[in-house]
Structures are given as structure tokens and as C-alpha cells.
Amino acid sequence: MNSPHASLPLRAFCRPWNLDPDAFTVVVVSGMAHGARLERAMTAIKTVGQLSRKHRVQLVVVGGGEALDTVRKRAQQVNAEATSTAIVVTGEMIDPRPAYEVSDVTLSMASSVVRAMAFGTPVIVQGTGRSSSH
């Protein structure tokens, strides 16, 4: 069930990733493919990395795909420069609902927007910045 009242194993999700329960948590759930999806993930990593220098914030990136290694390497670089683990890359999850549940805000596109909203989570829609004319 996608609901802010769903009974999900949040402790079981947070513990292995060492998530700070008091940090502002940004979540991205997306396939990690080269192109626009990778660009959006890298932008989120860069932005949260910069914010983490002055604020208690963390980014959880959920998703698998061909660009996952690139995302993990960049997250490791940002974390090495940060004073805490700012970026957590879980990889693909069969059930990403716990990530949506711990999210204070979700960066999203497509069906992830609706799923995040079902959890009562604010959403920032990441796009390519392109507009189409009809």
C-alpha cells in the first residue's frame, strides 16, 4: 500500500544505510541510466553535497541501471569531502516504499511523483528544462 500510514520496516531500512533520523532527507527513486536520468542524479548529489556542509541533510538515491557505478563513485567522492555521510546510494530496491516513507522531499519524474505524493511527501519535479511547443 502506498500511504503515509503504511506500516513499513523503517528501522530495518535506515539502520544498514546509517541514515540520520534527524537529518532532512531528500530521496531520488529512479533508474540510473545514462542521459537525463544520470544528469538529474548527479545534480542532486552535487546540490545535497554542498548543502551538507552547512546543514544536516542527506540524499538517498534508490535505483539500479547502467550508470549506477558512476553514481556510486560520485557519491563516494562527495562523502569523502563532507563531514558526514551526505549521500547514500542503495541501488535497486524491489520495494522502495521505505525510501519514500523516510523522505522529507522527493526529487522525481514520472510515476515516482505520484508514488511520493501518495506518501504525503512534497515533490520537486526534476526535468530537462526543455519545453515542447504544440
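Which elements make a right-handed β-α-β unit with α3? The answer is β2 and β3, one on either side of α3 in the name of the unit: β2, α3 and β3. Right-handed here means that, with the strands pointing away from the viewer, the path from the first strand over the helix to the second runs clockwise. The model is a predicted one, in which local features need pLDDT of at least 70 and side-chain atom pairs count only at pLDDT 80 or more, while totals for chains, interfaces and linings use all residues. Residues are numbered from 1 along each chain as its sequence is written, and side-chain values use heavy atoms, with hydrogens and water left out.

Read from the N terminus, the order is α-β-α-β-α-β-α-β-α-β. Of the 134 residues, 43% count as buried, where buried means under 20% relative accessible area, exposed over 50%, and partly exposed in between (1.4 Å probe, protein chains only). Take the contacts (heavy atoms within 4.5 Å) between residues at least 6 apart in sequence: 70% of them join residues at least 24 apart.

Leu 68, Val 71, Ala 75 and Val 78 of α3 are buried. Seen down the helix axis, the buried residues of α3 fall within an arc of 90 degrees, so they line one face; the arc is that of the directions from the axis to the C-beta atoms. An α-helix has 3.6 residues a turn, so residues three or four places apart point the same way. The face turned away from the buried side of α3 carries exposed Asp 69, Lys 73, Gln 76, Ala 80 and Glu 81. As for what lies over the buried residues of α3, the cover includes α2 (36–51), β2 (57–62) and β3 (87–91).

Strand β2 is hidden on both faces: Val 57, Leu 59 and Val 61 are buried on one side, and Gln 58, Val 60 and Val 62 on the other. β2 pairs with β3 in the parallel sense over four bridges, pairing being called when DSSP finds at least two bridges between two strands. In that pair, Val 62 has Gly 91 of β3 as its bridge partner. Six bridges join β2 to β1 (residues 24–29), again parallel, and Phe 24 stands opposite Val 57. The chain gets from β1 to β2 through α2, in a right-handed β-α-β crossover.

β1 is also joined to β4 by three bridges, and the two run parallel, with Val 26 partnered by Val 105. In β4 (residues 105–108), Val 105 and Leu 107 point one way and Thr 106 and Ser 108 the other, and all are buried. β4, α5 (residues 111–118) and β5 make a right-handed β-α-β unit.
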